[in-house]
Amino acid sequence: MASPSVIRLFFCLSTSGYLFQNQKSIDLQSQKLPFFPKFSHKKYSNIARLSANLKIQAFQRLPLLPVAPSEGGVLFPECKAIVQVSGEDELSSLRSIEGERLPLFGYCTVDESGEMFSVGTMALLENVHWASVVSEEEEGDVMDLDEQIAICSCIGVQRFKILEVEQLKPFPVARVQLFADELVKEEEAKLETVEKLAMETAQEVIRLESKLTSDNDEEGHRRVEEATSKILRFTPGGPGTEQKVMGPLGPMGFKLGERERREFLSFALADLQNVPVVVRYDILKCRSTISRFKRVAEMMRPALNELAAKASLKDLKEAPDT
């Protein structure tokens, strides 16, 4: 059996599909850019994420990709993001990352002034779609601005804190320290109860959303299915708890520990919340699984109350007259 120091270098096999399922349109600086999600470059179909649960507590040197809130927001571990990349430095960084055999990078959200937050997420680049922006002049003529952008999908692996930015040009590179949630012995006994409360709240929200979604609302039903799949992934025995890594002799299976499972589940629940970037960043920085479960449950409570009121009203309208 391989030692932990060797295993932590292995990467997980993919268990998920690609994010782009339908034709989409990106509005970039008031210019419509239609594109089809047919990626012409590498498809890392056998790599979904690094084995974040192997407690990588090490110093790493990572190329950074600054992400504006409007272009991708905050990325959580074991969650996915679609990022729109533009600008000479950012595209240079993306090209360097894409060229690596294992395309890992530091996903860093920036504030309104363009400064990177000190905590980010090590991410694995899954797919990149390169395109040029095309604009339409007032006379109706089409003019190619020859401005390139990239739409990429990535998956979070593990959080990090920036220790030092070692270079800014041609793209930022930093020395970072990876970290996971801290285990507080006094809180361990309460974790199961808090996890159950957060899960039951989320499941009730999803149930009510499904009840209030009309039969012909395909997009609404798709969102409900995705939310259900996301939170069930890291429940006990869920598909995310049984993973595979590539070892010297081929694929090896392993099971997530309860500590890692709960951490990932808390992030999956948080990822469902439609909250401002600053709130998501606070959740990313938090190093307590129990605090994250509590906060997510509190965040869902207003939505739950509103949905419950709407569902009751719907029941009253649909009840037969007596």
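**Cavity**

I searched the whole structure and found one cavity of 30 Å³ or more. My working rule, on a 1 Å grid over the protein atoms alone, was that a cavity is a set of points where a 1.4 Å probe fits but cannot get out. I joined grid points across faces, edges and corners, and took the volume as the space filled by probe spheres set on the points. The largest cavity holds about 30 Å³ of space.

This is a predicted model, where local features need pLDDT of at least 70, side-chain atom pairs count only at pLDDT 80 or more, and totals for chains, interfaces and linings use all residues. Residues are numbered from 1 along each chain as its sequence is written, and side-chain values use heavy atoms, with hydrogens and water left out.

Which residues line the largest cavity? I listed Leu65, Pro66, Val67, Glu71, Val83, Gln84, Val85 and Glu90 (lining residues have an atom within 4 Å of a point). Strand E5 (59–67) and strand E6 (80–85) are the elements that give two or more residues to this lining. Helices (H or I, at least four residues) and strands (E, at least two) are DSSP runs, numbered from the N terminus. By class, the lining has five nonpolar, one polar and two charged residues. For these classes, Ala, Val, Leu, Ile, Met, Phe, Trp, Tyr, Cys and Pro count as nonpolar, Asp, Glu, Lys and Arg as charged, and the others, Gly among them, as polar.

**Whole chain**

I counted seven helices and 12 strands in the protein. Of its 322 residues, 44% are buried. Buried means under 20% relative accessible area, exposed over 50%, partly exposed in between (1.4 Å probe, protein chains only). The accessible surface comes to about 17400 Å², with 51% belonging to carbon and sulfur atoms (Shrake-Rupley, 1.4 Å probe). I also checked contacts (heavy atoms within 4.5 Å) between residues at least 6 apart in sequence: 72% join residues at least 24 apart.

**Cores**

Next I looked for nonpolar cores: sets of buried Ala, Val, Leu, Ile, Met, Phe, Trp, Tyr and Cys residues joined through side-chain atoms within 4.5 Å. The largest has 38 residues, and Phe76, Leu269, Ile283 and Phe293 have the most contacts inside it. Helices H3 (185–212), H4 (218–232), H5 (258–271), H6 (277–285) and H7 (289–318) are the elements that give two or more residues to this core. H7 supplies the largest share, nine residues.

What does Phe76 touch, not counting residues up to four places away in sequence? I found Thr121, Gly156, Phe267, Ala270, Asp271, Arg280, Ile283 and Leu284. Apart from that core lies another, of 17 residues, among them Leu75, Phe105, Leu125 and Val128.

**Loop residues**

I then turned to Gln273, in the loop between H5 and H6. Is Gln273 buried or exposed? Gln273 is buried, because its relative accessible area is 12%. Leaving aside neighbours within four places in sequence, Gln273 is in contact with Arg280, Val296, Met299 and Met300.

Glu78 lies in the loop between E5 and E6. Its phi is positive, about 65 degrees, although Glu78 is not a glycine. Glu78 has 7% relative accessibility, so I logged it as buried.

Pro170 counts as partly exposed because its relative accessibility is 46%. Pro170 and Glu88 are 82 residues apart in sequence, yet 8.9 Å apart in space, C-alpha to C-alpha. Not counting residues up to four places away in sequence, Pro170 touches Asp89 and Ser92.

Conventions
1 Å grid on protein atoms, 1.4 Å probe; cavity = no way out; pocket = protein on both sides within 12 Å on 5 of 7 lines; lining within 4 Å.
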